[in-house]
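User: Can you walk me through how to read the features of a protein model? Please take them one at a time.

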Amino acid sequence: MAKADQRFGQRDGSDQNFDYMFKLLIIGNSSVGKTSFLFRYADDSFSNSFVSTVGIDFKVKTVYRNDKRIKLQIWDTAGQERYRTITTAYYRGAMGFILMYDITNEESFNAVQDWATQIKTYSWDNAQVIMVGNKCDMEEERIVPLEKGKHLADQLGFEYYEASAKENINVRQVFERLVDIICVKMSERVDVEAPAAPGTKTTRLTDKPAQLPQKCC
């Protein structure tokens with residue numbers, strides 16, 4: 001078993017026995033590959049025939065992290081403007097966001113700032129965000145340079161990955177990193193809100209993980 005799989009051992013998504021449940025949203029313009037990204041992670045499948053998501057849909061996946069079972073409820077949102085009111089209603093309660101654009105579509109990249117504003121407006125203050133430049137397998141059609149994506153992510157305070165649902169590049173890593181960040185923030189809140197008594201050892205959900213490798217096409 002790979003080292004990463006040992007850290008994030010997968011369990012049956014129908015299993016109702018879990019220690020935590022994280023609500024995650026994948027957001028971004030239409031046709032950037034949100035549905036493909038979710039299916040690649042949840043089912044390890046890819047299809048070129050996905051149609052645009054209508055409204056919102058979700059999948060459930062349970063991962064095993066540091067002796068804790070974490071149920072991920074991952075919502076795939078529609079990117080079209082006419083569904084915006086519906087999808088923003090689901091922002092509340094979300095602990096993590098994957099904000100996605102298509103590296104071959106400059107309009108989707110230019111919309112990232114607006115999506116980031118929506119996260120800030122409609123979600124919890126402590127929601128964690130990873131920005132993803134999807135379709136990095138299409139290097140010959142690239143419009144948005146890697147450096148430009150990284151620069152915007154730095155400005156927004158987000159971690160950044162380039163990924164490909166089609167070639168299964170960085171898909172699992174993005175979700176694992178997002179779960180890691182949420183776990184760290186949870187343990188920090190526990191330490192702040194419920195300090196241990198003198199001489200008492202504090203048990204943290206997770207120690208801050210090392211940065212995952214950035215693989216790009």
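Analyst: Start with one residue. Tyrosine 90 is partly exposed, at a relative accessible area of 27%. Bear in mind that this is a predicted model.

User: What cut-off decides that label, and what is the overall share of buried residues in the protein?

Analyst: Buried means under 20% relative accessible area, and exposed means over 50%. Tyrosine 90, at 27%, therefore falls in between. Of the 217 residues in the protein, 49% are buried.

User: How many helices and strands are there, and what pattern do they follow along the sequence?

Analyst: The protein has seven helices and seven strands. Along the sequence the pattern reads α-β-β-α-β-β-α-β-α-α-β-α-β-α. Among contacts with a separation of 6 or more, 76% join residues 24 or more positions apart.

User: How do I read a pair of aromatic rings, and how many does a search of the whole structure find?

Analyst: A ring pair is described by two values, the distance of the centres and the angle of the planes. The search of the whole structure finds six aromatic pairs. One of them is stacked: tyrosine 41 with phenylalanine 175, at 4.0 Å centre to centre and 10 degrees between the planes. This pair links distant parts of the chain, with tyrosine 41 in helix α2 and phenylalanine 175 in helix α7 (residues 171-193), 134 residues apart.

User: Are tyrosine 41 and phenylalanine 175 buried or exposed?

Analyst: Tyrosine 41 is buried, with a relative accessible area of 9%. Phenylalanine 175 is buried too, at 0%. Ring pairs also bring in Phe37, giving a cluster of Phe37, Tyr41 and Phe175.

User: Which geometry does the pair of tryptophan 75 and tyrosine 90 have?

Analyst: Tryptophan 75 and tyrosine 90 are tilted, with 4.8 Å between centres and 40 degrees between planes. Tryptophan 75 belongs to strand β4 (residues 68-77), and tyrosine 90 to the loop between α3 (84-88) and β5 (96-102), so the pair ties together parts 15 residues apart in sequence. Tryptophan 75 is buried, at 11%.

User: How many residues does the largest nonpolar core have, and which have the most contacts inside it?

Analyst: The largest nonpolar core has 29 residues. Phe22, Phe37, Leu72, Ile98 and Phe175 have the most contacts inside it. At least two residues each come from β2, α2, β4, β5, β6 (128-134) and α7. Helix α7 gives the most, with nine residues.

User: Which residues does leucine 72 contact, leaving aside its neighbours within four places in sequence?

Analyst: With those neighbours set aside, leucine 72 is in contact with Phe22, Leu24, Tyr41, Lys59, Val60, Lys61, Val63 and Val179.

User: What does asparagine 29 do with tryptophan 115?

Analyst: Their side chains are joined by a polar contact of 2.8 Å. Asparagine 29 lies in the loop between β2 (20-28) and α2 (34-43). Its relative accessible area is 16%, so asparagine 29 counts as buried.

User: How many residues of α2 are buried, and which are they?

Analyst: Helix α2 is mostly covered, with eight of its ten residues buried. They are Lys34, Thr35, Ser36, Phe37, Leu38, Arg40, Tyr41 and Ala42. Just after α2, aspartate 44 takes a positive phi of about 50 degrees.

User: Where is methionine 21 found, and what does it contact beyond its neighbours within four places in sequence?

Analyst: Methionine 21 is in strand β2. Beyond those neighbours, methionine 21 is in contact with Lys71, Gln73 and Met95. Its C-alpha atom is separated by 5.5 Å from that of isoleucine 70, 49 residues apart along the chain. Methionine 21 counts as partly exposed, at 39% relative accessibility.

User: How many disulfides are there?

Analyst: A disulfide is a covalent bond between the sulfur atoms of two cysteines. The count here is zero. Cysteine 136 is buried, at 0% relative accessible area. Cysteine 183 is buried, also at 0%.

Methods: Residues numbered from 1 in each chain as written. Predicted model: local features only at pLDDT ≥ 70, side-chain atom pairs only at ≥ 80, totals over all residues. Heavy atoms only, no water. Buried < 20%, exposed > 50% of the residue type's maximum accessible area, 1.4 Å probe, protein only. Polar contact = N/O pair within 3.5 Å; in protein donor to acceptor, adjacent residues only side chain to side chain. Phe/Tyr/Trp six-rings, centres within 6.5 Å; stacked < 30°, edge-to-face > 60°. Core = buried A, V, L, I, M, F, W, Y, C linked by side-chain atoms within 4.5 Å. Contact = heavy atoms within 4.5 Å. Disulfide = S-S within 2.5 Å.
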